[in-house]
Amino acid sequence: MLANVQVSVTSNLSPPPQLMVSIPDPLLFPGINIGPPESLLTPSHPVTFFINPTPLAQPFQNYPFLITASDNSNNASAFTLPLTVSVPYSSNTTPTRSTFARTDQSPTGMVYDQARKLLFVSVEILNEVVVLSSVDGHLVATIPVNYPAGIDEAADGSAVYVVSPYFWQVTTIDPNLFQVVHQSIVPMSVSGSKLPPAFFEVAALSNGKVLLLLAGEDPTQPPFFLWDPTTDLFSRFGQTIYTPIAGLITRSADHTKVLGYGNGAILYDVTTDSFTGPFNSVGGLLAIGPDGSQIVSSGLQNSPTVFYDSNFNVLASLPLDVFPVTGVLYSLDGKYAYIFQQQTNSGGDVGIMVDTKTFAVVGVVPAFSFGASLPFSGQWITTFATDETNMLFGSAFRGVGFLDMSSPTFLKLPLPGPFQVQPELTSLSSPTQAQLDGSGFLPGLTFNLFVGAPPASPQSLMATNVSIQSASFLNVTIPSGTTGGPANAALTRSDGFFEVMPDGVTFGPTILRVDADTGSPAGGDAIQIVGYGLNSSNLQVTIGGKAAAIGEQIGSVQGNLFPTEGVKLTTPSGSPGDADVTVTTPSGSITLTGGFHYANSVQVYPKSGLLDAITYDQARHRLYVTNQNNNRVEIFDLGSNSYLAPVPVGNTPTALALTPDGQLLAVVNAVDGTVSVIDPVKMMVIATYPLLTSSDMGNGCAGVVVGMAPAEPHRMLVDVDCPATLDAGLLHLINLDTGSLICTGVAGCSSNGTDINVGNNAMASTPDGAKIFLASTSLSGGPVSLLDLQANTLTSGFSATFADAAASADRTIYAASFGIADAQLAPFSTMAYEFYADSGNQSFHNVFGEKLSPSGSLLFVPQDSGVDIFDVHTGRLAQHLVLPDPIPQNTNALALDETGTKLFLTSSTGVTIAQLHDLPLSLATLNPASGPPGTSVTLRGSGFQNGATVTFGTTQVSATFVDSNTIQTTVPSLPAGSVRITVTNPDGHSYSFDDAFAVN
């Protein structure tokens, strides 16, 4: 209970003295917040200070709390205040059920499915919804969904709804099939905007409808949309006087009420279809009880935690003095409110349990460090869920904390900090002597360590011989394991404290990632394996049965909560195709089947000079490469694997491109501001034209040509940067037959007849030159656009700041840096932020020149050490090719052949050519994407093998193999509806694409 202490003084002196009042150091009173006097003490002006025991307060009995008043002459008077603090709850040593499930990136949303005992967790930057067992945390399913944020389940449990702040779709998941079965977009007739809205949060209502919170704010419009999944109809919804804050809506467990916070708190009642609020006086983090009858607002430091009824009438106010607060919610039965406070000294949180009838604190529970750690999202509110057993699920650092709230306790301070088990590598065959490195190992308390299942489980392995060596070290003996791989380690203390270290030990080594995973059959590539138990003595690694040369062993990979280790190695030679990776230690071994892929060949063809851009001539089986400091175009013959005589051009050649018919090769001479036109047959320059107008060269622009893309028939779209004006640029359309820059009659052409004023753009053309995809490179952001020369239209789509662009040969998929759009420029994917992808310093070093595979199912992104290959629909990194020669930053580092399996790159010492053994199995499009049974369908993708089968839903059909990117099949007899398409190769690899075909 908060106590305010008033100090007064009497004096006969004139003038009266001004006294400083001092009190004991607050650090002497753990768990008690003491506010010192803030003014001078005089006879007419008493001073006050407060003593506020928090739920973590330690008990005191008549402690001599010395209050001293003194003047500038060191005259002093003292008074001893007997301080007694009683704690109304005691230690609870019931074994905890708490555990942790790793998701590799932080969750952005979760919902508990009570009937199925499942937890659906959105992991935004891995493009997936993870399904976990709520009973023990094991992985049940992974569902690809692009950048999922808000997630909720229908009141009847029939569907799970997911929204993203970056994509327009409201995604529906079937919780029985674990599949995406539908995607809905707000039509323009309802939104009133050119582009559909995206949503940050979703709340499923008791009437079957769904409330959607907009990702952006427009104070002139209602902040919500209401969607009816049955009719697939949307409508604007809500009060314009309410301005929400992203992430701050939550619903009651019975789906009858939705609580929101922005410029005040509001409550939507589904039954009455009415809003209450906003109430500006209600602040802090909010939660609503399971039946919507009670609301709690967690107070910050020196402010109370307040309970309200559904009309925001105050029920109780508690001076919990919680700071910093990380979350608040109710138990599923509504009996308790949970308020979470970060403990800066222990590295975790503490959950405070409040009885919602008596409003008394009934105890505390040690907790995970809840919160989100995301590089791109606006998500900042920790997401929680609870089940009927008082198990709480919370977003934690790259995983979900399962926190057992059924046994609140009293905790003795200080609390132990995070710990590590050394060595983390333990054995499946014999006990392991280990040490816990941490802090707060206090004498007089009993510690235990449980490995694997939580302490309450009979399957948990309890360490023996636990002894305190110091406040920072415990000695333990970990019994032999029963199952290989990582296991959580839970430290417990006799007062009820516990802490779970995710993947704290590993029984035998664990491989998390091989980076890079594709290389030369000659071997000699530098790669790294990341995992657990890799800093072991006598470590051995084989790839395809051959020993890899071990380099540096990394004891701890920086920036990880998990005890991640690494080993750098050099690959041995191997046969083209997949090879198993095996790590062997004295404590066991692990094999990653097909963990490394040997290409058919990787070869560097030396050439002096600064090579800048490369293009592929399919008809002549050649490569053309600009050589900047030698002012020429290098010509490489792929038949003889040799260089032909170069073609001299202008000063500092950069971008180059063939016309769609292959008859002319255009080369930008950057310093000259001209284009050299080369006849590929004669291999000589036949014309040179200026690319800059007099206006471009004026003081307002000082134009520089920075890019070029082919346009039908013999034209090039040229990107001109204007460095004299911040963030300015334009496009020209040059005719290579005449040198004319006239664009009159072309969509987007300005009134001067030469400029297309859409700013600076990365550009990519379809092979026929009929469509040119534009991705704005403006620092302030701009849209993607598509110039269709046949339809004579210039359309725009979503906006951002981009650096690169690519177009699929099928004209169906486009890439703007890592964002993917369909033929209508609707964004449908972005590449995931793979947590372990840069473990070997192989990724996140992007070089210009990204390309899409012919079908558009794969995105190739050159890096300074190789090439990342992403699956376009899932956004996941499918492969990383490491190259022997670094790739410098240049205009266009990469070209692909017509199959997508042969890569041509400008590298530091020449041209690098890599022939992959095969491409990752993937799907891009189905044509048609809907139809009745009996319809012939063409599937475009990559990695198809002769003998592949296709499955519609659960019905498998035979397929006709056309090539590695194309197969054809016929729709089987199925009921109407959306189905998943699965392609299965004869080697057993399969690929599934949800909601891919609609049977009608």
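The side chains of Arg620 and Asp617 meet in a salt bridge, with N and O 2.9 Å apart; the term denotes a side-chain nitrogen of Lys or Arg within 4 Å of a carboxyl oxygen of Asp or Glu. This is a predicted model, in which local features need pLDDT of at least 70 and side-chain atom pairs count only at pLDDT 80 or more, while totals for chains, interfaces and linings use all residues. Residues are numbered from 1 along each chain as its sequence is written, and side-chain values use heavy atoms, with hydrogens and water left out.

**Salt bridges**

- Asp617 is buried at 3% relative accessible area, whereas Arg620 is partly exposed at 24% (buried is under 20% relative accessible area, exposed over 50%, partly exposed in between, with a 1.4 Å probe and protein chains only).
- Salt bridges with shared partners link Arg102, Asp104 and Asp503 into one network.
- Within the pair of Asp104 and Arg102, the closest N and O atoms are 2.8 Å apart, and Arg102 is partly exposed at 30%.
- Asp495 and Arg493 form a salt bridge at 2.6 Å, N to O, and both residues are buried.
- The structure holds 17 salt bridges.

**Strand β8 and its sheet**

- β8 and β9 (residues 118–123) run antiparallel and are joined by 5 bridges; two strands pair if DSSP finds at least two bridges between them.
- Asp113 has Leu118 of β9 as its bridge partner, and Tyr112 stands opposite Leu119.
- The hairpin has 4 residues between the strands, and Lys117 takes a positive phi near 55 degrees there.
- An open sheet of 4 strands has the order β8-β9-β10-β11, with antiparallel pairing.
- β8 and β11 (139–144) are the edge strands, each pairing on one side only.

**Cavities**

- The structure holds 4 cavities of 30 Å³ or more (a cavity is a set of points on a 1 Å grid over the protein atoms alone where a 1.4 Å probe fits but cannot get out, and lining residues have an atom within 4 Å of a point).
- The second largest cavity has a volume of about 50 Å³, and its lining includes Thr518, His597 and Asp918.
- β51 (577–585) and β52 (588–598) are the elements that give two or more residues to this lining.

Definitions and conventions:
On a 1 Å grid over the protein atoms alone, a cavity is a set of points where a 1.4 Å probe fits but cannot get out, and a pocket is an open set with protein on both sides within 12 Å along at least five of seven lines; lining residues have an atom within 4 Å of a point. Grid points are joined across faces, edges and corners, and a volume is the space filled by probe spheres set on the points.
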